[in-house]
Amino acid sequence: MGFAKFISFIRKRNIRPNKSGTGTSSVPNPPLYEVASLHHSLQTSMSDIIAATENFSSDLVVGYGRFGFVYKAELSNGPKLAVKKFTPNAFPSFMEFRSELEILSKLRHRNIARILGYCISGADKILIYEFHEQGILGVRLHGDFSPLPWETRHKIITGVAKGLAYIHDLDKPIIHGDVNANNVLLDSKLEAKISDFGVARMIDGERSHVTTEATNGTDGYMPPEYEYGSMSVTVKGDVYSFGVLMLEVATGKRPENSVQLFNGESVRFVEWAGSMVAQKREMEMLDPSVWFCASTAESEETSIKDYFRIAFMCADVSPRK
């Protein structure tokens with residue numbers, strides 16, 4: 001995706017804090033047991049998943065997020081799976097859980113992780129994805145791995161942008177609601193796959209937002225309007241979180257952590273990034289490990305500076321400017 005398309009994607013973010021009230025929904029009791037295969041390649045049961053994850057052993061955890069842990073599972077008949085086990089309070093109702101997943105299972109895009117099925121046993125709810133060998137972007141960025149070259153980081157971010165553009169441009173747009181590095185999987189070619197639509201919402205009709213009963217998102221990635229008490233999730237919120245992700249991928253810094261300045265003052269990650277861009281110090285922001293990659297050349301300086309400027313346009317704390 002060229003930078004012109006990035007700009008088109010960014011223009012969707014032009015917000016005013018919304019302080020609308022919240023809605024309510026009934027919470028029917030979940031069934032004792034239910035399993036559903038949403039793809040012909042998956043034939044399994046909760047007992048199969050428990051066995052494949054060794055009863056959800058911590059040794060098989062490959063990632064985690066606000067609503068639960070992700071486990072690597074290999075079924076006895078061969079397929080490797082990524083299994084997300086949700087915390088008990090992740091969904092206010094069983095019907096909401098099932099209806100949302102049935103919608104999302106129909107998504108078809110190379111940058112959207114395919115949902116294969118789900119299992120429910122009492123209060124336990126799990127979601128089953130295709131397993132991708134390169135794992136989770138957040139782990140790849142911050143774990144003990146070889147550094148990613150600049151062109152690979154750019155490729156990953158381009159894939160995420162394409163995936164978000166796809167769900168936002170549907171006849172009934174889907175809001176992901178929790179875009180962050182732990183919700184991006186990487187396949188064997190380091191192609192990005194957006195996953196974990198656990199708080200995703202579909203927008204009906206002429207509405208521009210969906211009202212929720214609780215604040216969505218992950219610390220460091222949440223749009224500033226949530227600070228005003230807004231419970232409305234919007235496409236614009238996804239764009240803000242995407243901008244934060246762009247900054248994280250390029251800098252190697254965790255968004256939830258503050259950045260300490262030379263004068264000893266600590267500022268929020270996004271505020272630091274905005275200040276650095278305003279001072280035209282983009283190259284100083286780049287993850288130092290990038291320069292250890294033989295394929296990263298100083299000739300890419302213009303591309304890198306453009307990247308940072310676009311990232312901050314998405315994650316500007318004053319998006320109405």
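User: Why is Tyr-307 called buried?

Analyst: In this predicted model, Tyr-307 has a relative accessible area of 1%, and because buried means under 20%, the residue is counted as buried.

User: How many aromatic pairs does the structure hold, and what makes the pair of Trp-150 and Tyr-307 edge-to-face?

Analyst: The structure holds four aromatic pairs. In one of them, the ring centres of Trp-150 and Tyr-307 lie 4.8 Å apart, with the planes at 75°; since rings pair if their centres lie within 6.5 Å, and planes over 60 degrees apart count as edge-to-face, the pair is edge-to-face.

User: Which parts does the pair of Trp-150 and Tyr-307 tie together?

Analyst: Trp-150 belongs to helix α5 (residues 150-168) and Tyr-307 to helix α9 (residues 301-314), so the pair ties together parts that are 157 residues apart in sequence. Trp-150 is also buried, at a relative accessible area of 2%.

User: What makes the pair of Tyr-307 and Phe-308 edge-to-face?

Analyst: Here the ring centres of Tyr-307 and Phe-308 are 5.8 Å apart and the planes stand at 85°, and because the cut-offs are within 6.5 Å for the centres and over 60 degrees for the planes, this pair is edge-to-face. Phe-308 is buried, as is Tyr-307, and Trp-150, Tyr-307 and Phe-308 form one aromatic cluster.

User: How do you know that the charged end of Lys-253 sits over the ring of Trp-272?

Analyst: The distance from the charged end of Lys-253 to the ring centre of Trp-272 is 5.4 Å, to be set against a limit of within 6 Å, with a further condition of within 35 degrees of the ring normal. Lys-85 likewise lies over the face of Phe-56, at 4.4 Å from the ring centre.

Conventions. Residues numbered from 1 in each chain as written. Predicted model: local features only at pLDDT ≥ 70, side-chain atom pairs only at ≥ 80, totals over all residues. Heavy atoms only, no water. Phe/Tyr/Trp six-rings, centres within 6.5 Å; stacked < 30°, edge-to-face > 60°. Helix = DSSP H or I, 4+ residues; strand = E, 2+ residues; numbered from the N terminus. Buried < 20%, exposed > 50% of the residue type's maximum accessible area, 1.4 Å probe, protein only.
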